[in-house]
Amino acid sequence: MNISEIKDLMSQFDSSSLREFSYNNNGEALVFSKNESAAAVSAAAIEAAVPAAAVSTPAPQPQAAEVSAPLADQAEVTAEGDIVESPLVGVAYLAPAPDKPAFVSVGDQVKKGQTLLIIEAMKVMNEVPAPKDGTVTEILVANEEVVEFGKGLVRIR
């Protein structure tokens, strides 16, 4: 696969609603992911499984590094407090609607029971309440990110 074919695939992937795409052919592997943490894991897993000469993933790896780097810096600065974990598997929404402000932001004071975010599971919107009064020190998920049971969502001090 040449670079123009890869760029064409990347362009089509970016304009699609797909979250992940992988292609394997005779030892060549290509993986695209719009999921921040999955992109880094997938690229690392493929590099370990396929010889470096056969991997053709020049663009997704830097893209994942660019997205992950600010999150890592933020984690070092604000790693205080208790983590609110996801009670179910679904899609996390940080605001009640796309044109509305987020439920909470870093630095906001929250009261016990206040909605921190919504997780959509099977077309049902489930509010995730604050377990205690405190200050939001970190938001651990991106808007519209798929979350697993037990994944950290928000850190409250």
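V104 touches V110, Q114, T115, L116, V136 and I139, when residues up to four places away in sequence are not counted; contact here means heavy atoms within 4.5 Å. This residue lies in the loop between β4 and β5. V104 counts as buried because its relative accessibility is 4%, where buried means under 20% relative accessible area, exposed over 50%, and partly exposed in between, with a 1.4 Å probe and protein chains only. Between V104 and V136 there are 32 residues of separation in sequence, yet their C-alpha atoms are 7.6 Å apart in space.

The model is predicted: local features need pLDDT of at least 70, side-chain atom pairs count only at pLDDT 80 or more, and totals for chains, interfaces and linings use all residues. Residues are numbered from 1 along each chain as its sequence is written, and side-chain values use heavy atoms, with hydrogens and water left out.

The chain as a whole contains 3 helices and 10 strands. Helices (H or I, at least four residues) and strands (E, at least two) are DSSP runs, numbered from the N terminus. Read from the N terminus, the order of elements is α-β-β-α-α-β-β-β-β-β-β-β-β. Of the 157 residues in the chain, 32% are buried. Among contacts with a separation of 6 or more, 57% join residues 24 or more positions apart. The accessible surface comes to about 9,400 Å², and carbon and sulfur atoms account for 56% of this area; such areas come from the Shrake-Rupley method with a 1.4 Å probe, and for residues only the protein chains shown count as cover.

Beyond four places in sequence, V110 is in contact with V104, L116, A130, K132, D133, G134, V136 and I156.

Strands of a sheet pair through backbone hydrogen bonds, either parallel or antiparallel. In this model, an open sheet of 4 strands has the order β3-β10-β8-β5 with antiparallel pairing, two strands being paired if DSSP finds at least two bridges between them. Its edge strands, each pairing on one side only, are β3 (82-85) and β5 (109-110). Within the sheet, β8 and β10 are joined in the antiparallel sense over 3 bridges; I139 has V154 of β10 as its bridge partner.

S86 lies in the loop between β3 and β4 (90-93). With 2% relative accessibility, S86 counts as buried. Its contacts, leaving aside neighbours within four places in sequence, are I119, V147, E148, F149, G150, K151 and L153.

Most residues other than glycine have a negative phi. K123, although not a glycine, has a positive phi of about 65 degrees; K123 is found in the loop between β6 and β7 (124-129). At 74% relative accessibility, K123 counts as exposed. E144, also a residue other than glycine, has a positive phi near 70 degrees and is found in the loop between β8 and β9 (145-147). E144 counts as partly exposed, because its relative accessibility is 45%.
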